[in-house]
Amino acid sequence: MGDKPIAGRMTADAHGDVVVFLIGMRFNSLLAVRSWLPVMRAMPRMLRELSRERERGMLGAQTLLGPRVLYVVQYWESTEKLFAYASDADKEHRPAWAAFNRRIREGKDKVGFWHETYVVPAGGYESVYVNMPAFGLGRATGVVPVGRRGERAAERLRAV
C-alpha cells in the first residue's frame, strides 16, 4: 500500500471548476487476452504522457480494479484541455483509440469500454479524508486541513 496515511481530517485543496473524467474497460471474455490486453496497456502510456506534460491539463488520476473492470478516475483543469488531448493526433490517445476501434470490430464483444465526463463548478464539490493517504481529488490537487475550507460538508460545498 506504500502511501502513508495523513493523520486527522483533510480536504482537497482544489480551486475553481473541476472536470471529472471516468474511463474504463470491462473484460467481457477473460480468455480473449488478444482483445483486452492491448486496450489495458494503452491507458498507462497515456497517463505517463499526461503526467510528464502537466500543461495538457490533467491534474491527476487514480486507477481502480474491480471484478472484470479496470477503471480510471481522472481530474482535469477544463473540458477544453481534455478534448484537446483526446483529439491530438501526435499524442498517445488517438492511435490507441483507432486500434481499439479496430479490435472491437474484429473481436466482437470480447472487451467493453465506457467513459463519463462531469464538469463540477467551483463550490459544487467537497471532500473529506480521515487518516487516509492523499486520495482522489485530494491526490490530484493536494490536501489541506478541513478547517481551512470549513468543518462541515455544507460549508465546504459553498466555499469558492
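Let's start with His93 and what it touches: leaving aside residues up to four places away in sequence, His93 is in contact with Met46, Tyr85 and Ala86. Keep in mind that we are looking at a predicted model.

So where does His93 sit? You'll find His93 in helix α3, which covers residues 93–107. Is His93 buried or exposed? Its relative accessible area is 19%, and because buried means under 20%, His93 counts as buried. Now look again at Ala86, one of the residues His93 touches. The side chain of His93 reaches the backbone oxygen of Ala86 at 2.8 Å.

Next, please turn to Pro67. Pro67 belongs to the loop between β3, residues 58–66, and β4, residues 69–76. Pro67 has a relative accessible area of 76%, and since exposed means over 50%, Pro67 is called exposed. Here is something to find on your screen: how far apart are the C-alpha atoms of Pro67 and Phe27? They are separated by 8.9 Å, while the two residues are 40 residues apart along the chain.

Last stop: Phe135. This residue is in the loop between β6, residues 129–132, and α4, residues 136–141.

Which residues make a nonpolar surface patch with Phe135? They are Leu64 and Met132, and the patch made by these residues together with Phe135 is about 230 Å².

How values were computed
Residues numbered from 1 in each chain as written. Predicted model: local features only at pLDDT ≥ 70, side-chain atom pairs only at ≥ 80, totals over all residues. Heavy atoms only, no water. Patch = residues over 30% accessible without salt bridge, like charges linked within 9 Å, V, L, I, M, F, W, Y side chains within 5 Å. Areas by Shrake-Rupley, 256 points an atom, 1.4 Å probe, with all protein chains shown as cover. Salt bridge = Lys/Arg side-chain N within 4 Å of Asp/Glu carboxyl O. Helix = DSSP H or I, 4+ residues; strand = E, 2+ residues; numbered from the N terminus. Buried < 20%, exposed > 50% of the residue type's maximum accessible area, 1.4 Å probe, protein only. Polar contact = N/O pair within 3.5 Å; in protein donor to acceptor, adjacent residues only side chain to side chain. Contact = heavy atoms within 4.5 Å.
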